[in-house]
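Here is a short report on one protein chain. It goes from the overall layout down to single residues.

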Amino acid sequence: MVRSYIEKPNCIILAVSPANQDIATSDAIKIAREVDPQGERTFGVLTKLDLMDKGTNALDVLEGRSYKLMHPWIGVVNRSQQDINKSVDMIAARRREREYFQTSPDYGHLQSKMGSEYLGKILSKHLEAVIKSRIPGILAMINKMIDDIETELNQIGRPLANDAGAQLYTILELCRTFDRIFKEHLDGSRPGGEKIYAVFDNQLPAAMKKLPFDKHLSMQNVRRIVSEADGYQPHLIAPEQGYRRLIESSLVYFRGPAEAVVDATHFILRDLVRRSISECTELKRFPSLQAELTQAAIEALERMRDDSKKTALRLVDMEASYFTVDFFRKLPQEIEKGGNPAASTSDRYTDGHLRRIGSNVSAYIVMVSDLLKNSLPKAAVHCQVREAKRSLLDHFYTQIGKREGKQLSQMLDEDPALMERRVQLSKRLELYKQARDEIDSVAWAK
């Protein structure tokens with residue numbers, strides 16, 4: 001138990017040993033030497049000098065010949081058990097101790113450096129010197145603790161005002177802080193916004209590449225759709241209705257990637273909302289406001305997703321509503337280059353003819369795919385990303401403006417743990433400041 005205290009570098013060791021025993025066997029000196037081998041912190045004290053056998057003394061120890069310490073040995077004579085039983089007070093005991101050293105033939109020449117009073121003075125001077133040497137480090141440590149506490153207090157926030165105007169101002173300031181962090185994610189100052197570009201550049205092309213156009217434009221399916229489009233009237237030059245049905249049924253497949261782009265953008269924006277909420281440290285002290293703000297932002301994103309999805313699907317439907325005129329104008333020319341039109345009329349279901357139809361439709365689908373790869377990201381950015389940056393919390397601001405003081409107070413109900421933490425930090429801060437002032441006064445005292 002003693003070791004746990006004296007091994008600390010700031011501890012002064014008082015190694016007390018009885019004078020009527022061999023100093024070489026002193027447990028106090030042994031332990032002190034283990035934890036303080038240089039002896040910089042160790043003061044040797046010899047007791048029971050008055051109980052040594054006649055003809056013996058402890059001068060070899062007190063004068064540092066038998067066991068030398070960095071600090072001189074000090075002898076003391078304490079009250080005996082008999083003195084304690086007789087209730088001899090400390091004043092009388094100190095007077096008898098002084099008389100002992102003054103009249104002792106062995107220790108008289110050391111009387112000015114012996115006794116409990118001298119030990120107290122030596123320890124006080126040493127302690128004062130140690131404290132003065134430690135003052136710069138202690139002040140630096142206290143100042144750092146004060147800075148850390150003030151920083152944490154600023155993070156968790158100071159106590160709130162009670163009037164509705166101040167509460168509304170606090171709520172709006174917190175909302176603006178969250179909105180700023182959210183925009184920084186989108187603009188690249190913080191990570192996360194780059195995932196939206198990855199959707200446009202990687203996921204959308206990959207999704208379109210996986211669409212089953214090869215199966216849909218197989219010879220068997222082309223034959224079926226073209227035949228059904230003819231009805232009982234065979235086509236003459238080009239199976240226009242067959243082409244239209246093939247293209248329209250092919251363009252339907254683009255609705256899936258169009259919705260997927262919108263949904264992927266929505267999920268990224270929603271994740272950025274939650275991340276921005278968590279990074280807004282000021283919001284952590286108000287769980288109710290944090291929950292309402294999160295819900296309001298996500299609901300706004302959902303409205304934007306619905307609008308973006310309508311726009312994206314409308315772009316696909318627009319491609320299916322009106323085909324590029326030049327595409328159809330080139331078809332008769334391609335037939336003429338292919339040979340005798342009469343032959344194609346009589347052999348309208350030959351493999352070569354069906355392959356040509358499938359190839360023409362495929363070329364048109366590729367052209368539309370390239371257009372949608374550019375237009376769908378634009379729709380998502382316009383309807384979701386830019387709109388989120390512009391008006392994510394507009395509806396929430398409108399709702400807050402309608403609330404009364406009591407409702408605003410409910411939004412600013414702090415976490416009890418944070419309130420308790422603020423009280424503890426404030427008390428610690430006051431104590432550290434008092435300690436700093438007192439240390440400063442001692443350091444500058446003459």
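**Layout**

The model is predicted. The protein is divided into domain 1 and domain 2. Domain 2 is assigned in two segments, 164–331 and 349–413, while domain 1 covers 1–114. Their C-alpha centres lie 89 Å apart. The unreviewed UniProt entry places the feature "domain: Dynamin-type G" at residues 1–136. Over that range the chain is 43% helix and 10% strand. The end C-alpha atoms of the range are 31 Å apart.

The elements discussed next are listed here.

| Element | Residues |
|---|---|
| Strand β1 | 13–18 |
| Strand β2 | 42–47 |
| Helix α5 | 90–103 |

**Helix α5**

Does the length of α5 agree or disagree with its residue count? At 1.5 Å a residue, its 14 residues should span 20 Å. The end C-alpha atoms are 20 Å apart, so the two values agree. At the start of α5, a side-chain oxygen of Asp-89 comes to within 3.4 Å of the backbone nitrogen of Ile-91. Ala-92, Ala-93, Glu-97 and Phe-101 are buried in this helix. The buried residues of α5 pack against β3 (74–75) and α6 (116–156).

Side chains alternate along β1. Ile-13, Ala-15 and Ser-17 point to one face and are buried. β1 pairs with β2 in the parallel sense, over 6 bridges. Pro-18 has Thr-47 of β2 as its bridge partner.

Note on methods. Residues are numbered from 1 along each chain as its sequence is written. This is a predicted model: local features need pLDDT of at least 70, side-chain atom pairs count only at pLDDT 80 or more; totals for chains, interfaces and linings use all residues. Side-chain values use heavy atoms; hydrogens and water are left out. UniProt positions are given in the numbering used here, feature names are shortened, and annotations may be inferred rather than shown by experiment. Helices (H or I, at least four residues) and strands (E, at least two) are DSSP runs, numbered from the N terminus. Domain bounds come from an automatic or database domain assignment. The expected span of a helix is 1.5 Å times one less than its number of residues. Buried means under 20% relative accessible area, exposed over 50%, partly exposed in between (1.4 Å probe, protein chains only). Contact means heavy atoms within 4.5 Å. A polar contact is a pair of N or O atoms within 3.5 Å; within protein, one must be able to donate a hydrogen and the other to accept it, and residues adjacent in sequence count only if both atoms are side-chain atoms. Two strands pair if DSSP finds at least two bridges between them.
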